[in-house]
Amino acid sequence: MSQAVVSVNVGILLPVLAPAIGAAVVLVTDVAVQHLRRAHYLIALVALMVGVLATIAGLGLVSGANRRTLCLPGSGQCMYVADSVGSTLQLAALLAAALTLLLSWPDDKKEEPGGTAVVVSLVLAATAGATAVAGARDIGSWLVALELATLPTVALVALRGARSAISGAVALLTTALVSFGLLALAAALWFTATGSGFLSPANALASSIDPVRRPILVLAVVVVIAGIGFKLSLVPFHAWTPETYEGAPLPIAAFLAGVSKIAALAALLVVIRAVTPLGNTALAAIAIVSAVSMTLGNVMALRQNGVVRLLAWSTVAQAGWVVLPLAAVSTDAVHAAGAYLLAYVLATLLVFAVVAALVQIRGAERARTISEYRGLLSDHPVLACALGLGLLSLAGLPPGFLGLVAKVAALRPVVTSELWLLAVIAAINAVLGVAVYLRWLLIVISTPEATPQVPLAVPAPAAPALVQAIRVHPATLVAVGFAAVALVLTSLSPQMLLGLLGG
Amino acid sequence: MVILLIGALLIPAVTGTYLILAGRGPRPVPEENANMISLAASVATALLVIATVMARPVLNQPWLTSLGVRLHFAVDGISAPLLLLTALLSVAVVINARSRPSHGGSPTTFYGCLQLVELGALATFLARDAVIFYVSFEIVLVPMWVLISRYGDSHDLAARRDASGRFVLYTVLGSTLMLIGILALVQASGTADLDALAALHGAGIARSTQIIIAALLLVGMGIKIPIWPLHTWLPPAHTIAPTAGSVMLAAVLLKMGTYGVVRLAIAPLPLGFGALAPAFALLGVIGIIWGGLACLVENDLKRLIAYSSVAHMGFVVLGLSSGTTVGLQAALFANIAHGVVSALLFFLVGGLKERWGSADIATARAALREVSPRLGFALVVGFAASLGLPGLVGFWGEFLAMYSAWNPAPDRPQTFMRFLVIVAVLGAGVAAAYSLRVLRLIWSGDRTTPAHADARGGEWSVLAVLCAAVLVLGVAPGLLLNSTSKAATAITMEVPR
């Protein structure tokens with residue numbers, strides 16, 4: 001009997017199953033008991049934590065070691081493989097989703113459109129997609145998982161119902177459809193080139209030495225890069241990013257900047273690792289989009305005054321840094337891309353969490369542009385320090401050692417492959433990036449007296465900082481605290497994070 | 001013994017972080033206490049640094065195993081004088097800042113940033129791993145940026161923003177290019193250990209690769225040194241920064257660049273550096289002339305000293321480029337000499353700027369000789385050393401640098417180097433002219449109004465100690481030259497001749 005049946009190991013699949021089952025449980029609970037609010041969030045957090053625990057076994061595995069399941073009898077090929085890189089990205093996706101939920105934790109006053117059950121189950125579904133794509137090793141489930149990670153976010157953006165939300169959601173949906181079309185084409189090309197649905201180096205190797213099939217394989221990789229470029233916000237597929245971020249509720253923008261990017265990179269890494277036999281030729285496309293993304297992203301971010309738009313353009317630039325090491329073919333490059341992504345996600349989520357806290361304290365109007373952050377250091381020192389750490393980490397400057405080390409890791413494969421021009425472009429972008437984040441930080445640390453504001457227009461904050469802090473929702477404070485502590489710890493010992501990705 | 005070294009790094013790190021965070025608490029630390037805490041920490045650090053320099057402990061622990069980076073810190077003859085300079089000047093800036101209220105922000109942040117700058121500088125000079133060197137190099141950036149942008153010259157907000165922005169952006173560009181060079185060097189030679197890199201002398205790296213890597217490193221660190229034409233960040237940063245910031249910037253941070261050239265370019269890449277040395281020397285000599293000419297017409301005294309720094313670092317570059325042991329020692333000596341002299345002058349000018357309300361030397365003021373003989377004496381000593389008067393500290397480094405470039409290593413173009421020396425001599429003449437111009441304008445004369453107070457207490461003791469250092473090292477240069485000779489010989493000995 002076992003000859004004919006695909007083997008299933010639930011333990012290994014748990015990082016995917018936990019959020020998926022959590023989504024189902026939330027929906028069932030909502031049908032059974034109406035008007036629950038916090039319960040949905042609690043169920044979701046439990047599901048995500050179960051998933052987190054399930055990833056631990058896959059962390060820090062040495063190169064080549066992995067945990068596999070859904071294996072076809074006979075051939076030894078498996079549809080789901082969790083190695084150290086995949087498990088780490090799953091862990092990051094689950095934690096980032098938990099952080100997003102904390103940021104959107106419901107308070108008693110406002111009613112959420114669609115109810116909490118919808119929001120929570122959509123977040124869980126997208127997270128399940130993100131964790132699934134990290135483990136997927138056949139082109140079918142890879143494609144489905146990637147779309148599962150994307151489509152719920154369209155609904156999450158649209159749910160608020162405002163005009164800007166709808167236009168953001170439409171931009172995202174259009175992008176998602178085009179991207180899906182490209183990826184489906186890539187899947188077909190892959191199948192044509194290799195004759196197999198499995199994304200494994202062995203399959204790619206066979207066709208990379210065949211002069212007829214090799215161009216098809218190269219084309220498949222280039223189309224994959226384009227398709228995923230949409231999801232990673234790489235230039236020239238980035239145009240949806242600022243609009244969607246601004247239209248979405250803040251926690252959902254954080255989700256797009258966190259979990260969605262993890263899903264996209266995880267999907268890209270699955271393919272990149274399969275095509276290592278192709279060598280550098282197919283990856284020239286990555287070098288180009290990386291260089292253009294970081295440059296355009298940074299230059300545009302320098303011109304933004306809106307906080308969310310600045311973060312959106314910073315995402316574009318950082319996405320360029322994330323794929324930068326992949327321009328070189330090596331295991332180091334895969335690890336470096338993973339490390340850079342994790343550093344970026346952690347720092348960005350911290351910044352989003354601080355912005356969310358400020359929105360609660362001051363109202364959305366007074367936290368929308370960076371000029372509103374003047375004097376934050378004197379008004380809200382703790383939040384300002386957390387924001388400063390996040391920004392410096394994104395800029396890759398001490399005390400944000402994690403960002404600095406990520407920059408070193410990302411540049412290393414590029415230098416090793418002697419791509420000097422790309423390295424110098426990256427250096428120039430390191431400068432532009434510093435300018436982007438220090439511009440904001442300078443406003444945060446400057447004294448409030450220098451503000452040329454009309455004093456009457458803004459009600460003076462009469463209450464001292466401690467009293468004001470209470471107005472922040474405890475869940476948001478937990479999110480800020482969690483992200484800040486994680487960033488401080490990984491900055492003190494970046495190896496804690498690098499080690500997860502394995503040797 | 002390792003505990004000494006760890007302590008020397010940990011004390012400024014912890015004190016700096018504490019001061020920055022404590023200033024934000026519900027009950028801010030008063031300025032007086034911040035100064036006392038800072039002074040205690042700096043003195044303790046200085047004692048530990050002195051002990052470290054004597055005991056020479058080594059710390060070597062894995063840090064980023066995935067990237068092969070080790071926490072490797074140690075002291076040798078090249079870094080010892082720089083470590084002492086950093087630690088002692090850190091004490092001096094705290095003493096000098098006493099009883100001067102820091103405007104622009106909380107005093108605790110000011111002192112905290114000074115501590116972090118000290119941490120970064122000490123870690124840079126102690127680092128024995130190339131990547132750790134880069135990481136340490138970056139530590140000073142943000143604190144120095146805060147010092148310039150928040151505590152700088154209070155007159156002009158836009159100028160502060162411009163100066164601090166230029167400083168940080170130029171430096172990041174330089175250090176990132178340096179990082180690329182470091183990564184390439186580590187990749188090519190298979191080790192990140194600076195001692196191992198120096199011992200290899202570039203063995204196994206092709207000449208063309210050496211040239212590419214050396215070019216990246218020299219451009220990167222050339223921004224920090226700074227060499228002409230990459231120096232344009234320096235005058236505004238020095239002019240705008242508060243006294244403590246200017247002193248640390250000129251006396252300590254600029255040295256990180258030249259020190260890096262010795263460690264990362266000259267020692268591990270002899271062929272690559274040798275090929276680029278004539279161009280490097282040419283830029284240095286252009287800097288000597290350029291800085292000198294700018295000083296002849298500059299009326300802002302802080303900016304003038306900043307331009308003179310460009311000129312002085314030009315001599316260091318000339319010495320480094322000669323490829324000889326004497327030249328290397330001359331460069332290391334001139335490094336320290338410039339550290340002492342520029343610290344003296346920036347302390348002095350910072351004090352004068354407070355008294356005068358500006359640093360403009362064209363305005364008619366009371367002659368220092370008449371109203372404040374102590375300040376006047378320090379000014380004469382400082383500018384006399386700056387023009388390279390024999391018997392003072394400025395002489396040896398520049399004289400030996402020119403001497404070594406006159407007789408460069410055999411693989412250097414001798415005629416070209418000699419031509420550069422002749423130009424450098426002209427530059428030394430210009431230095432004499434601008435130094436005497438400054439003395440004529442603000443030291444001599446018989447005006448006694450508007451009178452101002454002379455230096456007393458902490459300010460005077462700092463100036464006096466620095467004047468003494470200028471004289472002692474000028475009379476007995478062997479104190480320093482002996483310390484560096486062994487390490488310098490080890491670096492140049494095996495240069496292919």
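This note goes through a predicted model in numbered points.

1. **Ground rules.** Residues are numbered from 1 along each chain as its sequence is written, and chains are lettered from A, with ligands numbered from 1, in the order in which they are written. The model is predicted: local features need pLDDT of at least 70, side-chain atom pairs count only at pLDDT 80 or more, and totals for chains, interfaces and linings use all residues.

2. **Confidence.** The model scores ipTM 0.90 and pTM 0.91. pLDDT is the predictor's confidence in each residue, from 0 to 100. Chain B averages 88, and 98% of its residues score at least 70. Chain A has a mean of 86, with 92% of its residues at 70 or more. Residues 450-469 of chain A are the stretch to watch: their pLDDT is below 50. Beyond near neighbours in sequence, this stretch makes 11 contacts in the model. Two residues are in contact if their C-beta atoms, placed from the backbone, lie within 7 Å. Where pLDDT is low, the predicted coordinates should not be read in detail.

3. **The core.** A nonpolar core is a set of buried Ala, Val, Leu, Ile, Met, Phe, Trp, Tyr and Cys residues joined through C-beta atoms within 7 Å. Buried means 20 or more other C-beta atoms within 10 Å of the residue's own; exposed means 12 or fewer; partly exposed is in between; these C-beta atoms are placed from the backbone. The largest nonpolar core holds 413 residues. Those touching the most other members are A:Val133, A:Ile262, A:Tyr340, A:Leu350, A:Ala353, B:Leu344 and B:Val470. Helix H13 (residues 331-362) of chain A gives the largest share of this core, 24 residues. Helices (H or I, at least four residues) and strands (E, at least two) are DSSP runs, numbered from the N terminus.

4. **A:Ala353 up close.** Set aside its neighbours within four places in sequence. A:Ala353 is then in contact with A:Leu99, A:Leu103, A:Thr476, A:Ala479, A:Val480 and A:Ala483.

5. **Helix H19 of chain B.** H19(B) covers residues 457-475. Its 19 residues should span 27 Å at 1.5 Å a residue, and the end C-alpha atoms are 27 Å apart, which agrees. The expected span is 1.5 Å times one less than the number of residues. Buried residues in H19(B) include B:Glu459, B:Leu463, B:Cys467 and B:Val470. The buried residues fall within an arc of 155 degrees seen down the axis, so they line one face of the helix. That arc is taken from the directions from the helix axis to the C-beta atoms. On the other side, B:Gly457, B:Ala468 and B:Val475 are exposed. Among the elements covering the buried residues are helix H3 (79-97), helix H14 (325-356) and helix H20 (478-492) of chain B.

6. **Helix H5 of chain A.** H5(A), residues 139-158, has 20 residues. It reaches 29 Å from its first C-alpha to its last, close to the 28 Å expected. H5(A) is mostly covered, with 14 of its 20 residues buried.

7. **Where the chains meet.** The contact takes 30 residues from chain B and 32 residues from chain A. On the chain B side, strand E1 (59-64), helix H5 (130-139), helix H6 (141-151) and helix H7 (157-189) each supply at least two residues. H7(B) gives the most, with 13 residues. The chain B side divides into 20 nonpolar, 6 polar and 4 charged residues. Here Ala, Val, Leu, Ile, Met, Phe, Trp, Tyr, Cys and Pro count as nonpolar, Asp, Glu, Lys and Arg as charged, and the others, Gly among them, as polar.

8. **Backbone points to check.** Most residues other than glycine have a negative phi, and most peptide bonds are trans. A cis bond joins A:Val235 and A:Pro236, with omega about 5 degrees. Another cis bond runs from A:Pro398 to A:Pro399, with omega near 10 degrees. A:Pro236 is in the loop between helix H8 (213-232) and helix H9 (240-247) of chain A. A:Ser233 is in the loop between H8 and H9 of chain A, and its phi is positive, near 65 degrees. A:Ser233 counts as buried because it has 31 C-beta neighbours inside 10 Å. In chain B, B:His201 has a positive phi of about 50 degrees.

9. **B:Leu301.** This residue lies in helix H13 (residues 301-321) of chain B. B:Leu301 is buried, with 25 other C-beta atoms within 10 Å. B:Leu301 touches B:Val349, B:Leu352, B:Ala359 and B:Ile361, not counting residues up to four places away in sequence.
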